[in-house]
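Hi everyone, thanks for coming. I'd like to walk you through one model today, so let me put it on the screen.

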Amino acid sequence: MGENYIQLIHGEGGKHTQELIGDVFYKNFNNDILLENDDSAIINLPSKKIAFTTDSFVVNPIFFRGGDIGKLAVSGTINDLVACGAEPLYLSSAFIIEEGFSKEDLIKIVESMKRTCIMAKVSIVTGDTKVVPKGKGDKIFINTTGIGVLDGYVSKYIAAGDKVIITGTVGEHGTAIAVDRYNLKVTGDIKSDCQPLNHILKCLKKYYPHIKFMRDPTRGGVGEVLNEISKKSGLGVHLFEKDIPIRKEVDAINSMLGINPLYLACEGRMIIVVDKEASLALLEDLRKQCDSQASIIGEFTDENSFVYIENYFGGERILGELDGQILPRIC
Ligand code: MG
């Protein structure tokens with residue numbers, strides 16, 4: 001195995017590990033805190049109230065239309081901070097790499113993480129690299145942990161009449177993964193919506209007293225998140241099919257596959273539950289400043305306690321809880 005591939009010695013902590021860290025990780029994640037090279041990163045936070053989250057990424061394939069495992073690992077952790085009303089500041093990243101993985105692909109992934117960090121104004125300040133023998137992993141797994149400072153407080157007291165906003169079109173990440181994993185022949189511009197969502201924080205600022213809940217609809221998609229909130233709150237969710245933004249191409253592929261895109265992961269969207277009073281103003285700000293496809297897709301009701309969709313003709317059907325996973329390893 002030549003020097004263009006990751007070898008077990010790259011994970012053994014000696015000279016080769018140091019070379020890999022210097023050439024690939026420090027070169028790209030270059031910042032003063034990281035370059036201190038201590039056992040822990042020492043960081044200064046502008047507030048005592050912090051949000052702290054972690055996530056591991058095992059997506060297959062590692063490169064997909066609209067993103068890659070690196071962009072996803074940075075975006076996913078940032079979005080979990082944003083969902084708690086926190087401004088993301090610092091990340092850690094730990095890599096588990098299978099022996100024989102291409103160094104060129106590793107560099108591509110790390111450069112993509114760097115670009116995503118710059119876009120989101122966060123720094124990767126500490127990390128770890130391990131190499132496992134060939135056949136004992138699947139190419140590369142990445143764990144990212146994130147710290148953010150609270151920007152505003154999300155009350156979590158959902159009441160009947162509260163509105164459900166989605167910040168953009170639905171189901172694109174899951175669809176992109178399915179197309180690339182199964183080499184589906186498709187026409188049209190299908191790509192993952194994978195992106196860091198810290199830019200929506202500026203829209204949310206003046207609405208925090210009205211915001212009841214936020215979550216990024218990743219595994220299980222919009223359908224699963226709304227079922228979870230419905231269960232927790234004991235309220236029903238009445239969705240309006242005509243208001244749910246789904247791109248034509250996404251709809252077409254999923255009809256072909258027999259998949260409901262409402263259960264497919266988004267990796268660059270947020271579900272926001274907001275009181276009726278502030279909902280239209282928040283929607284307008286989101287549309288102007290973040291995504292013209294943002295939409296109010298439904299509302300909470302105390303008439304029942306499940307999630308249902310009203311279709312174009314006024315008929316209703318239940319959007320139940322997912323039983324198992326539609327697509328494994330989407331993140
Ligand atoms: Mg989340």
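Let's begin with Ile244: buried or exposed? Ile244 is buried, at a relative accessible area of 10%, where buried means under 20%, exposed over 50%, and partly exposed anything in between, using a 1.4 Å probe and protein chains only. You'll find Ile244 in the loop between strand S9 (236-240) and helix H8 (248-257); helices here are DSSP runs of H or I with at least four residues, strands are runs of E with at least two, and both are numbered from the N terminus. Leaving aside residues up to four places away in sequence, Ile244 touches Val170, Leu239, Leu262 and Ile297, contact being heavy atoms within 4.5 Å.

A quick word on where this comes from. The model is predicted, so local features need pLDDT of at least 70 and side-chain atom pairs count only at pLDDT 80 or more, while totals for chains, interfaces and linings use all residues. Residues are numbered from 1 along each chain as its sequence is written, and side-chain values use heavy atoms, with hydrogens and water left out.

Helix H3 (residues 69-82) and H4 have their axes 7 Å apart, at an angle of about 30°; the axes are lines fitted to C-alpha atoms over the stretch in contact, and angles run from 0 to 180 degrees between N-to-C directions. From H3, the contact uses Ile69, Gly70, Lys71, Val74, Ser75 and Ile78, and H4 brings Ile109, Ser112, Met113, Thr116, Cys117 and Ala120. Sorted by class, that contact has 7 nonpolar, 4 polar and 1 charged residues. For those classes, Ala, Val, Leu, Ile, Met, Phe, Trp, Tyr, Cys and Pro count as nonpolar, Asp, Glu, Lys and Arg as charged, and the others, Gly among them, as polar.

Lys121 sits in the loop between helix H4 (103-120) and strand S5 (123-132), and Lys121 has a positive phi of about 55° although it is not a glycine. Lys121 counts as exposed, at 70% relative accessibility. Asn37 has a positive phi too, about 60°, and is not a glycine either. Asn37 belongs to the loop between helix H2 (32-35) and S1, and is partly exposed, with a relative accessible area of 46%.

Asn37 also takes us to the largest pocket, as one of the residues closest to its centre, alongside Ile21, Tyr26, Gly127 and Asp128, out of 25 lining residues. The volume of this pocket is about 420 Å³. Which element gives the most to its lining? That is S5, with 6 residues. By class, the lining has 10 nonpolar, 10 polar and 5 charged residues.

Finally, what lines the largest cavity? Val59, Asn60, Pro61, Ile62, Asp138, Lys139 and Arg329 do, around a space of about 40 Å³. Two of those names are linked in another way: a cis peptide bond joins Asn60 and Pro61, with omega about 5°.

For the definitions, a 1 Å grid over the protein atoms alone is used: a cavity is a set of points where a 1.4 Å probe fits but cannot get out, a pocket is an open set with protein on both sides within 12 Å along at least five of seven lines, and lining residues have an atom within 4 Å of a point. Points are joined across faces, edges and corners, and a volume is the space filled by probe spheres set on them.
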